[in-house]
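Welcome! Take a moment to look over the sequence and the 3D structure below, and then we can walk through its charged pairs and its nonpolar surface together.

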Amino acid sequence: MRDFKLLIDGRLVEGAGTLDVINPASQRLLATAPRADRAQLDEAVAAAKAAFPGWSATPLRERGVLLVKLAEALESEQAGFARLLTEE
């Protein structure tokens, strides 16, 4: 089983709690997901608000390049995502 974390302000952190993800076909535990509490939610929202001015000032072409890199990274993990989503 993989170790999932929350991404808050560019850092991977443990959740304040956890949530069991159950495979509905087998009723077996698929993963344990981190669960944010209100303080972590507030911290994530504050980080997003703080990052927005810099992101919005980034030239459109540069943002496009970054988004293509993200899409390529996600595509490279496509099989794993498909398996996980199907089991979930």
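Is Arg-11 buried, partly exposed or exposed? Arg-11 counts as partly exposed, at 39% relative accessibility (buried means under 20% relative accessible area, exposed over 50%, partly exposed in between, with a 1.4 Å probe and protein chains only).

This is a predicted model, in which local features need pLDDT of at least 70 and side-chain atom pairs count only at pLDDT 80 or more, while totals for chains, interfaces and linings use all residues. Residues are numbered from 1 along each chain as its sequence is written, and side-chain values use heavy atoms, with hydrogens and water left out.

Now to the salt bridges (a side-chain nitrogen of Lys or Arg within 4 Å of a carboxyl oxygen of Asp or Glu). The count comes to 4, and the table includes some of them.

| Asp-3 | Lys-5 | 3.2 Å |

Glu-43 in helix H1 and Arg-11 in strand E2 (residues 11–13) link distant parts of the chain, 32 residues apart. Shared partners join Asp-3, Lys-5 and Glu-14 into one network.

Next, the nonpolar surface. A patch of about 790 Å² has Phe-52, Trp-55 and Leu-66 among its residues (patch residues have over 30% relative accessible area and no salt bridge, and nonpolar side chains are joined within 5 Å). Helix H2 gives the largest share, 4 residues. Leu-66 is found in helix H2 and is partly exposed, at 41% relative accessibility.

How values were computed:
Patches are made of residues with over 30% relative accessible area and no salt bridge: like charges are joined within 9 Å, nonpolar side chains (Val, Leu, Ile, Met, Phe, Trp, Tyr) within 5 Å. Accessible areas come from the Shrake-Rupley method with a 1.4 Å probe; for residues, only the protein chains shown count as cover. Helices (H or I, at least four residues) and strands (E, at least two) are DSSP runs, numbered from the N terminus.
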